[in-house]
Amino acid sequence: MKKILLLLLVVSLNGFSQVIDFSEYDDFLKKHVSSKGVVDYDKVLKNIREINNIAQNFSKISPNKSWSDAEVKTYWVNVYNANIIKLLVENYPIKSINYIRDPFKMQFIDFDGEKISLDHIEHEILRPMNDPRVHFVLYSTAISSPQLRNTAYSANSIDYDLDVATSNYINDSSQNTIGVATCQLSKIFEWYFTDFIGPMNMVGFINKYSAVKINDNTKLEFKEYDWNLYK
């Protein structure tokens, strides 16, 4: 008997709690993504049916009110990253995802009987959860993108993983140059500025993760986002 499809939904006998198995997506990432987050799109293209099946099987699961915030975040981050790989490889070879017309607004993701976009997942589902760390686990395929992890995210460790991803990105000198006098930050901080002024302000958020501490007098500048394909 063939392996059960990507997402195995286990419903407990005493309620509606659900355990989602991301193992096939995890296997895919381990085979096609390096430890440095580089996707082997040539290899993915040869195995395009695999990523198509993964995306299709994600669409068969619908988060519901019984899910915890951790489960919801984990599901949607994995869905987002899997589908952006699918979208890019369907148009490969290209030098940038922006060679595709409106890639983030394109409604190509099957969910709950309709088509939704990457922007819908990010702006309508994840951002309203008020956790700006999600910006550092969403893969955009670009050089300026947060690194794609070569393992699937799990609800059991998502909070820790969000902290690690945020710290790694903020302290990556190729993405951010942090100094007491001046900070040159990723465009992500400008695009989603309001997301970082919740419980703590931008300075407080950066200082929570940065090895170099800044203050309210530090000048914040924003780098241009390099949309060329990360490879």
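Reader: Which residues are buried in helix 3?
Author: In helix 3, which covers residues 48-58, the buried ones are Ile-51, Ile-54, Ala-55, Asn-57 and Phe-58. Seen down the helix axis, these buried residues fall within an arc of 165°, so they line one face of helix 3. Buried means under 20% relative accessible area, with exposed over 50% and partly exposed in between (1.4 Å probe, protein chains only). The arc is that of the directions from the helix axis to the C-beta atoms. Helices here are DSSP runs of H or I with at least four residues, strands are runs of E with at least two, and both are numbered from the N terminus.

Reader: Before we go on, what sort of model is this?
Author: This is a predicted model, where local features need pLDDT of at least 70 and side-chain atom pairs count only at pLDDT 80 or more, while totals for chains, interfaces and linings use all residues. Residues are numbered from 1 along each chain as its sequence is written, and side-chain values use heavy atoms, with hydrogens and water left out.

Reader: Thanks. Back to helix 3: what covers its buried residues?
Author: The cover includes helix 1 (23-32), helix 2 (41-46) and helix 4 (69-90).

Reader: Helix 4 has a tryptophan, Trp-76. Buried or exposed?
Author: Trp-76 is buried, with a relative accessible area of 4%. Leaving aside neighbours within four places in sequence, Trp-76 is in contact (heavy atoms within 4.5 Å) with Pro-63, Phe-111, Ile-116, Ile-121, Ile-125 and Leu-126.

Reader: And how far apart are Trp-76 and Cys-183 in space?
Author: They are 31 Å apart, C-alpha to C-alpha, and 107 residues apart in sequence.

Reader: Where does Cys-183 sit, on the covered or the uncovered face of strand 6?
Author: On the covered face, together with Leu-185; Thr-182 and Gln-184 make up the uncovered face of strand 6, residues 182-185. In a regular strand the side chains alternate between the two faces of the sheet.

Reader: What is the strand order in that sheet?
Author: It's an open sheet of three strands in the order 5-6-7, with mixed pairing. Strand 5 and strand 7 stand at the edges, each with a single partner strand, so one side of each is left without a neighbour in the sheet. Two strands pair if DSSP finds at least two bridges between them.

Reader: Which pairing is parallel and which is antiparallel?
Author: Strand 5 (residues 177-178) pairs with strand 6 in the antiparallel sense, over two bridges. A hairpin of three residues joins strand 5 to strand 6, and Thr-177 has Gln-184 as its bridge partner. Strand 6 and strand 7 (residues 219-222) are parallel, over four bridges, with Cys-183 opposite Leu-220.

Reader: New topic: where is Arg-133 found?
Author: Arg-133 is in the loop between helix 5 (118-126) and helix 6 (158-170). At 10% relative accessibility, Arg-133 counts as buried.

Reader: Which side chains does the Arg-133 side chain make polar contacts with?
Author: There is one with Asp-131 at 2.9 Å and one with Asp-159 at 2.7 Å. A polar contact is a pair of N or O atoms within 3.5 Å; within protein, one must be able to donate a hydrogen and the other to accept it, and residues adjacent in sequence count only if both atoms are side-chain atoms. Beyond four places in sequence, the residues in contact with Arg-133 include Lys-73, Leu-162, Phe-205 and Tyr-209.

Reader: What about Ser-117, buried or exposed?
Author: Ser-117 counts as buried, at 8% relative accessibility. Ser-117 lies in the loop between strand 4 (114-116) and helix 5, and its side chain reaches the backbone nitrogen of Asp-119 at 3.4 Å.

Reader: Last one, zooming out: how many helices and strands does the protein chain have?
Author: The protein chain has eight helices and seven strands. Its radius of gyration, taken over C-alpha atoms, is 18 Å, close to the 17 Å that the globule rule gives for 231 residues, so the chain is as compact as a globular protein of that length. That rule is 2.2 Å times the number of residues to the power 0.38. Of the 231 residues, 46% count as buried.
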